Amino acid sequence: MRSAKTPTVLVIGATGKTGRRLVPELRARGAAVRAASRRAAEGLTPFDWGRPETFAPALRGADAVYLVPPAFVEDPTAATGALLDEARRAGVGTVVLLSSLGATFAGEPEDSGRRRLERQVTTSGLDWTILRPTGFNQNFSEGFLLPGILQADKVVTAAGDGAVAHVDAGDIAAVAAVALTAPGHAGAAYAVTGPQALDFDAAAALIGQAAGRTITHAPLPSAAFGDILKQAGVPDDYLAMVLRDQAGIEAGAAAVVTDVVARVTGRPAVAFADYARGAAGAWARSAAA
């Protein structure tokens, strides 16, 4: 059960796309925040998925946990299972999991890592909420789509003409903050989307308008896109998941638009065009240099 006192929330991945946006959202709601990271810096709680001995100290005294699984790991359940066990022992009451809408796609294997992770959370004995966002807006300005924009003025995908209701990382963080601190969200699995589904041609055009130059979508066959990611060091099992998601997008599975952001937070979801205007500096030529 949720504590009646000021909640203490452990934010895993507190320096990541959603985590660093979640920390101020939680503080604005009056929560005591424990910002966890592998980075050694003042104000950060040491936490490393590869060092289970960091779990118990990070969890001690926490009421809730924002669970971001380890990056580029297709099946994280060995590590997350150990964390959830430790969370129960520490008396944590609530876990909010950052999952993915891809976990619901028709082509997703029942025994995939992220479906296993979701089942692990729902059977953890904690009050749980699962967030399943679509593609992040910030994938274009902070993530895997940025190099193509900076180096070749191209958004490179294997998604064909499929559309995505891209969602802002700030909106995901806002939904997570409510779920971590307010009643009424236990047992919910939220598809967290932006307000409009756009294909990558349209998204590239909006980025180009914001950046002040022509940006185009460069669709590739799945094998060619996979080769690029493999050369970048993406592990084979994780790469297979990414390619499944690209195929799901092409098939229309990511075009769903929900009202979750507005319904949970009371504010409208950020439109992609507004995001692009605000992120324009990330695509400047100086950023490429």
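1. The largest cavity has a volume of about 30 Å³, and a search of the whole structure turns up one cavity of 30 Å³ or more. Here a cavity is a set of points, on a 1 Å grid over the protein atoms alone, where a 1.4 Å probe fits but cannot get out. The volume is the space filled by probe spheres set on those points, with points joined across faces, edges and corners. Its lining is made up of Leu-59, Val-65, Leu-83, Leu-84, Ala-87, Val-92, Val-95 and Leu-126, lining residues being those with an atom within 4 Å of a point. Helix H3 (residues 77-90) gives the most to that lining, with three residues.

2. A word on what you're looking at. This is a predicted model, where local features need pLDDT of at least 70, side-chain atom pairs count only at pLDDT 80 or more, and totals for chains, interfaces and linings use all residues. Residues are numbered from 1 along each chain as its sequence is written, and side-chain values use heavy atoms, with hydrogens and water left out.

3. Now the sheet. Seven strands make an open sheet in the order S3-S2-S1-S4-S5-S6-S9, with parallel pairing. Strands (E, at least two residues) and helices (H or I, at least four) are DSSP runs numbered from the N terminus, and two strands pair if DSSP finds at least two bridges between them. At the edges sit strand S3 (45-46) and strand S9 (188-192), each pairing on one side only. Strand S2 (residues 32-37) pairs with S3 in the parallel sense over two bridges, and Ser-37 has Pro-46 in S3 as its bridge partner.

4. Have a look at Thr-129, which lies in strand S6. Thr-129 counts as buried because its relative accessibility is 0%; buried means under 20% relative accessible area, exposed over 50% and partly exposed in between, with a 1.4 Å probe and protein chains only. The side chain of Thr-129 reaches the backbone oxygen of His-185 at 2.8 Å. Beyond neighbours within four places in sequence, Thr-129 is in contact (heavy atoms within 4.5 Å) with residues including Val-95, Leu-97, Ala-179, Ala-188 and Tyr-190.

5. Which residues do ring pairs link into a cluster? They are Phe-140, Phe-200, Phe-272, Tyr-275 and Trp-283. Rings of Phe, Tyr and Trp (its six-membered ring) pair if their centres lie within 6.5 Å; planes under 30 degrees apart count as stacked, over 60 as edge-to-face and the rest as tilted. By that rule there are eight aromatic pairs. Phe-140 and Phe-272 form an edge-to-face one, at 5.3 Å centre to centre with 75 degrees between the planes. This pair links distant parts of the chain, 132 residues apart: Phe-140 is in the loop between strand S6 (127-133) and helix H5 (146-152), and Phe-272 is in helix H11 (residues 272-278). Both Phe-140 and Phe-272 are buried. Tyr-275 and Trp-283 are edge-to-face too, at 6.0 Å and 85 degrees. Tyr-275 counts as buried at 5% relative accessibility, and Trp-283 does so at 0%.

6. Last stop: Ala-14, in the loop between strand S1 (8-11) and helix H1 (19-28). Is Ala-14 buried or exposed? Ala-14 is buried, because its relative accessible area is 6%. Not counting residues up to four places away in sequence, Ala-14 touches Gly-19, Arg-20, Val-23, Ala-35 and Ala-36.

Terms used
Polar contact = N/O pair within 3.5 Å; in protein donor to acceptor, adjacent residues only side chain to side chain. 1 Å grid on protein atoms, 1.4 Å probe; cavity = no way out; pocket = protein on both sides within 12 Å on 5 of 7 lines; lining within 4 Å.
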